[in-house]
Amino acid sequence: PQQKEGAILVNECNATERINFTTWTPRVYEHMQNATHLINLSNVEGQPNVVLEGAVCGLHLLLSDIPSHRELGYFLDAKFVDQTNVERMTFLVREMILGYDGKSQPLHDYKILHNRTPGKIAQNYLYFYQKLIREYGK
């Protein structure tokens with residue numbers, strides 16, 4: 001939500017060669033293989049698969065403080081920020097840009113990843129909807 005401010009910050013830190021702002025892309029894994037950090041400051045997320053993919057690739061994570069990110073935060077080494085607090089966001093992004101220290105440890109907790117596969121997510125939705133129909137659909 002603060003891409004304009006982010007671009008100004010990147011320019012101030014002389015990091016335009018190292019920072020890419022992306023929206024949806026079919027080449028996420030390619031970007032992550034060449035990255036060291038993932039900054040995801042969404043207002044809303046469903047299943048934040050890109051965050052898990054970033055963790056698996058060993059990226060340092062800066063995430064918006066929303067429920068779906070916090071849910072993953074119990075398992076990930078991530079920093080959280082209120083995405084409406086531009087001053088705090090700027091501080092943390094600047095810290096990431098200027099304090100680069102290589103990749104993080106990749107996420108190897110396959111139990112977490114197994115529960116987030118498309119098939120497992122669909123299975124959980126199906127279970128939930130069937131339960132709703134049984135309990136409230138009468």
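Among contacts (heavy atoms within 4.5 Å) in the protein between residues at least 6 apart in sequence, 52% join residues at least 24 apart. The model is predicted: local features need pLDDT of at least 70 and side-chain atom pairs count only at pLDDT 80 or more, while totals for chains, interfaces and linings use all residues. Residues are numbered from 1 along each chain as its sequence is written, and side-chain values use heavy atoms, with hydrogens and water left out.

The secondary structure comprises 7 helices and 3 strands, where helices (H or I, at least four residues) and strands (E, at least two) are DSSP runs numbered from the N terminus. In order from the N terminus, the elements are α-α-β-α-β-α-β-α-α-α. Of the 138 residues in the protein, 35% are buried; buried denotes under 20% relative accessible area, exposed over 50%, and partly exposed in between (1.4 Å probe, protein chains only).

The largest nonpolar core has 14 residues, a nonpolar core being a set of buried Ala, Val, Leu, Ile, Met, Phe, Trp, Tyr and Cys residues joined through side-chain atoms within 4.5 Å. Within this core, V51, L59, L61, L63, L72, L76 and A78 touch the most other members. At least two core residues come from each of helix 3 (49-56), strand 2 and strand 3 (78-81), and helix 3 contributes the most, with 3 residues. Apart from neighbours within four places in sequence, L63 contacts N40, L41, V51, H69, A78, K79, F80 and V81. A second, separate core of 12 residues includes A15, L41, V93 and M96.

S64 lies in strand 2 (residues 60-64). This residue counts as buried because its relative accessibility is 0%. A polar atom of the S64 side chain is 2.7 Å from the backbone oxygen of S42. When residues up to four places away in sequence are not counted, S64 touches N40, L41, S42, H69, F80, V81 and Q83.

The largest pocket holds about 1,400 Å³ of space. On a 1 Å grid over the protein atoms alone, a pocket is an open set of points where a 1.4 Å probe fits, with protein on both sides within 12 Å along at least five of seven lines, and lining residues have an atom within 4 Å of a point. Its volume is the space filled by probe spheres set on the points, which are joined across faces, edges and corners. The lining consists of 39 residues, of which N20, F21, T22, L38 and I39 are the closest to the pocket centre. Helix 1 (3-12), helix 2 (28-33), strand 1 (37-40), helix 3 and helix 5 (86-98) each supply at least two lining residues, with helix 5 giving the most, 6 residues. By class, the lining has 20 nonpolar, 14 polar and 5 charged residues; Ala, Val, Leu, Ile, Met, Phe, Trp, Tyr, Cys and Pro count as nonpolar, Asp, Glu, Lys and Arg as charged, and the others, Gly among them, as polar.

Methods: A polar contact is a pair of N or O atoms within 3.5 Å; within protein, one must be able to donate a hydrogen and the other to accept it, and residues adjacent in sequence count only if both atoms are side-chain atoms.
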